[in-house]
Amino acid sequence: MACLTDLVNLNLSDTTEKIIAEYIWIGGSGMDLRSKARTLPGPVTDPGKLPKWNYDGSSTGQAPGEDSEVILYPQAIFKDPFRKGNNILVMCDCYTPAGEPIPTNKRHNAAKIFSSPEVAAEEPWYGIEQEYTLLQKDTKWPLGWPVGGFPGPQGPYYCGIGADKSFGRDIVDSHYKACLYAGINISGINGEVMPGQWEFQVGPSVGISSGDQVWVARYILERITEIAGVVVTFDPKPIPGDWNGAGAHTNYSTKSMRNEGGYEVIKAAIEKLKLRHKEHIAAYGEGNERRLTGRHETADINTFSWGVANRGASVRVGRETEQNGKGYFEDRRPASNMDPYVVTSMIAETTIIWKP
């Protein structure tokens, strides 16, 4: 008699050419990921060859009940680490039946920015450091914390090891490997300063693919925590008080920055970011004012600053970039719940297209 695990792990390729495609999209809150699956006649590697699909937008806060159909446009394909085989995960964006992007579709505008000749010529690279916090399902209190109480002060937990310092490593490692299997350019993981908080890095990735990869990495993480019976939160300050918040530091470079003389291009780009500080802060995630206080390795939300090797600045330039006279910089302002489509395209728009 087969058990549930045997059936979940059935290898479809033994008996059929058909595959399962899990269509993923972003729901009405801008942070809630949704997905549903469909059967396709055979393997697909080109998103342009996938069929469009639809869903009930009135159930996701994205359409009225009397006109609820929202259309899914497949945009990027990843291998499915849960079903394996030829099965796939499909990142989609959302449109009305008339073909107009719905208001929560931030990918559409980002793709326009990245496909503009000015931006495309600069080949913008991104490396996004996605922080998150694991919570106990029933109490919504961080993993490893005593229920209703607090652990010892911050210090031993950052990149720490041991049962009294590291909580949730099995989830983190499972996520790391699942992302690599899926084809996401995940470049590393580490335990963070607050116990129960972790980080994964995605990149370097070019243009719109950065947003696609971060969203699918988030999706895989939520699926793994679902299996583990743990809750993941991307809240930028999940625990008030003397505890680090959670960000999504965004490392960025253009071809001009990576070439000889790039340091001057970097400094000019940072000056542009300074001039549009308020606009960027408004787009960098909800609740960020609880995180950007000028403490816990952050700059004050109302003041723009930059410096070399300064983790208390809005923008940090690495010591190696200064020494080499070229490289990249890190925008430390985005919150952990930022939309990577919005943040990556806005940085490109400000530093390449926008004229003060």
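Let's start with a list: Tyr157, Gly160, Lys165, Ser166, Gly191, Glu192, Met194, Pro195, Gly196, Gln197 and Trp198 line the second largest cavity. Keep in mind that this is a predicted model.

How much space lies in that second largest cavity? About 50 Å³. Its lining divides by class into 4 nonpolar, 5 polar and 2 charged residues.

Now the count. There are 2 cavities of 30 Å³ or more.

On to the largest cavity. About 70 Å³ of space lies in it. Which residues line the largest cavity? Ile26 and Gln62 do. Then come Met91, Cys92, Asp93 and Cys94. Thr104, Asn105, Lys106 and Arg107 join them, along with Tyr341. Strand β5, residues 88-95, gives the largest share of this lining, with 4 residues. By class, we have 5 nonpolar, 3 polar and 3 charged residues around the largest cavity.

Last stop: Arg333. Where is it found? Arg333 sits in the loop between β13 (329-331) and α10 (340-353). Buried or exposed? Arg333 counts as buried, because its relative accessibility is 2%, and buried means under 20%.

So what does Arg333 touch, leaving aside its neighbours within four places in sequence? Its contacts include Leu273, His277, His280, Ile281 and Tyr284. Asn288, Arg291 and Leu292 are also in contact with Arg333. Phe304 and Ser314 complete the list.

That's the tour. Over to you.

How values were computed
Residues are numbered from 1 along each chain as its sequence is written. This is a predicted model: local features need pLDDT of at least 70, side-chain atom pairs count only at pLDDT 80 or more; totals for chains, interfaces and linings use all residues. Side-chain values use heavy atoms; hydrogens and water are left out. Helices (H or I, at least four residues) and strands (E, at least two) are DSSP runs, numbered from the N terminus. Buried means under 20% relative accessible area, exposed over 50%, partly exposed in between (1.4 Å probe, protein chains only). Contact means heavy atoms within 4.5 Å. On a 1 Å grid over the protein atoms alone, a cavity is a set of points where a 1.4 Å probe fits but cannot get out, and a pocket is an open set with protein on both sides within 12 Å along at least five of seven lines; lining residues have an atom within 4 Å of a point. Grid points are joined across faces, edges and corners, and a volume is the space filled by probe spheres set on the points. Ala, Val, Leu, Ile, Met, Phe, Trp, Tyr, Cys and Pro count as nonpolar, Asp, Glu, Lys and Arg as charged, and the others, Gly among them, as polar.
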